[in-house]
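Hello,

Here is the structure I promised to pass on. My notes follow below it.

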Amino acid sequence: MTGKLSEEMVELLLAPWRSSPRATGLEGKLVAALELYDHFPLDVAVTGGTQEANTQLARALCGLGNEEEEEEEEEEEEEKSEDEEASDDDEIEISGTLTKVFEREGKGQVKESEQDDNKRDDPPTENQPIVLHPKSPMVLHPKIPNIRIWTIPSLDGQNHPIEHFDVLVVLTSVQHQDNLSGPIMELRDRDQPLFLVRAEQEWDLVQEKLTGPCKTCAWERMRARQMEIERKRLAATAGDAEVPEDVKQTLLELREIGATMTTALPELRKKAFCQFMVDVFRENRVPKLLRNDEQSLLSAGLRMDKLRPGDIDQNGHLFQSRDLTNPPSRLLSALTALEHLRLDLGVLGQTGCGSSSLVNSLLGLKNQDERASPTGVTETTMEALGFPHPELPNVWLWDLPGMGRVGELAPSSTKTDQKALSSSPQPPSPFPPMSLTPLHPLCDVYILVSPLRLSQVCVQLLQSLSAQGRMCYLVLSKADLMGEGAVEEVRRWSEEALGRLGLKHTTFLVSALHPGELDFPRLQELLCSALTSHRKAALVHYVVELLESEVWGGKDQADPCKLQ
C-alpha cells in the first residue's frame, strides 16, 4: 500500500542510496541489524558532583520529580519493617529513591549479582523496581527502554574510561567549566554527545562528604580550586588567550535536563548504534595479525553487555559488510523510518465470513457505531477500507473485499464458448492458484477469516501469502454458533489438516459479536505483542522493494564499466 511513509521520510530513506550499486543480500543484513538494535543499550554516564548530587542528577534524567520522590519515600517507609527483616539477596531490587540505593551500597549491604547485568529486554515500568548493580551504580530508565544510566565519581580515564559510555552528562558550574576543555575536545573528536548541567549549589561539586572533622578541609580545597581557576582566567585574559568559543558549551538547568534528555535519548541511541557498527567494520578491516581480539570493540561490547554471546557468530557477515554503514546515514535513516512506518493489517476472507465485524471488534467498536466498518446481510465491502487503530500508533486495519463475490460474476457465455471450454483439457488440481485482485492491495500482515470451519479458499490464500513472506493469522469466525464440544473438535481438526499440508498455524475461534469470549482476547494479545517484529519485517520488505523500484530498477546487474 502507498503512503506508508511521508514523502519527506521516503526521500530521507533513499538519499544515501542514490547512485549506489545494487547490494546483494541486503534483506538479510537489514534483518540482522534490526535484531541487534532491538537489544542495543545506550550507556549514559553521570559525573562531576558528589555522590548525592550525581544521584539527584540521575533521578532528573529518569524524569523522577519531587512528587514521585515523596510517593516513593512514603512507600519505602511502609515497607521499612519488612526490608529490615529480609536477608541480603544476590541482586537487590529497590523501588525507592536512588539515594537510598546508594546508601545501602555504601554500607556494604549489596552483594555481587550472578544474574544478567541489565535485563534490558524488559525495561522497568512504573510497577517494576529499579535494578541496581553493585560494582558500578547503574539504573535502567523507567520510561525509555534500553537506556542505562551510570553514576561515576570522576573522569579519571582509568576506572571509568570515557569511551565506555555513549553519552556523558557532567554536573559543573560556570567557574568549573574551563576545567572541562580537555574532555570536551576529546569527546568532540569522537563525535560523542556531552551535556553540561549547572549545579544548584557549589558544594554539590565537592568530591567528598562535608561531614566530620574533614568538612573544613574539603571547603578549603574547593576554595583553592576556585582560586586556581580564577588565576588561570586572569592570566588568559591578560595574554589575550581566551578559551575557544567552540569549546564553551551552554549549561542546562537541573529542572530542564529531564525533558531535554527524554526527547534526545531515542535519537542518541540510534546514532550510537550506527557509530558502533561503523567502528566495528573499520576495526575488522585491520589484518588479523595486527589486531588484539581481547581489546576489540566486539569483545568490549560483550563485556559491557551491548552484545549477546551469540551475536558475533550469527552476524559475522554483517560486521564484515559496509552496505549499511557507508555512509552511516543508510542505517540511521532505516532506524528512523522504523519509528514512522505505517503497519497495515489486512482482514480477508470469503464474502459473508464476518470479516467486517471482526475489524470493528479489533477496533473496539460495535457494528452500529458511526465510525465502524459497514456490515450487512448482503455483499457490503466493495473496496478496501482503512481504519487507524485508536490505541496503537501507526497501525491501520484494512477491511478487504470478500473473495468470491457474486457481484464480480460476468454475463453467461454463449453455447460456442461453453463447448470450447468443455472440450479444452483441464489439468486436475485440488488447489488451483489463488491470487489477490487489484481490490486487495498488499498488506504487511493478514488475518484470514473462514466461517465455522477451515475452507479451501482460506488454505489457498494462506499458502500464497506465506510464499510471499507475509505473516498470517488464521481465524474461524461465528464460533458462537457451534456447540460447546464442537469448538475444540473444530480446532483440533483444523490444525491437523494444516499439519498434513506442512502449515503450522494456530487457529483462533472467535465470535465478533461476543469479543470477550472464546479466542478473541488471546488473538488481540498476540497481535499486540508481535507488533514490533511485524513492523521490522514490514520495514525490510518496504526498503528492498523501494530501492528496487526507485534506485536499482533501471540498473543492469553487470558492471557497465567492465570490459566484456
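**What I found**

Of the protein's 564 residues, 43% count as buried. Keep in mind that this is a predicted model. The fold has 19 helices and 14 strands. Its accessible surface comes to about 31500 Å², and carbon and sulfur atoms account for 51% of that. Take the contacts between residues at least 6 apart in sequence: 73% of them join residues at least 24 apart.

**Inside**

The largest nonpolar core has 94 residues. Val44, Ile149, Val169, Ile257, Leu358 and Ile447 have the most contacts inside it. Helix α9 gives the most to this core, with 12 residues. At least three core residues come from each of two domains: domain 1 (41-65 + 134-234 + 247-305) and domain 2 (343-406 + 439-551).

Look at Ile257 in particular. Leaving aside residues up to four places away in sequence, Ile257 touches Leu57, Ala60, Leu61, Val197 and Leu252.

There is also a second, separate core, made of 18 residues. Leu348, Trp398, Met403 and Val459 are among them.

**On the surface**

Val286, Leu289 and Leu290 form a nonpolar patch on the surface. Together they have about 370 Å² of accessible area. Leu290 sits in the loop between α9 (254-284) and α10 (297-303). Why does Leu290 count as exposed? Its relative accessibility is 68%, and the cut-off for exposed is over 50%.

Best wishes

Terms used: Residues numbered from 1 in each chain as written. Predicted model: local features only at pLDDT ≥ 70, side-chain atom pairs only at ≥ 80, totals over all residues. Heavy atoms only, no water. Patch = residues over 30% accessible without salt bridge, like charges linked within 9 Å, V, L, I, M, F, W, Y side chains within 5 Å. Areas by Shrake-Rupley, 256 points an atom, 1.4 Å probe, with all protein chains shown as cover. Salt bridge = Lys/Arg side-chain N within 4 Å of Asp/Glu carboxyl O. Helix = DSSP H or I, 4+ residues; strand = E, 2+ residues; numbered from the N terminus. Buried < 20%, exposed > 50% of the residue type's maximum accessible area, 1.4 Å probe, protein only. Core = buried A, V, L, I, M, F, W, Y, C linked by side-chain atoms within 4.5 Å. Domains from an automatic or database assignment. Contact = heavy atoms within 4.5 Å.
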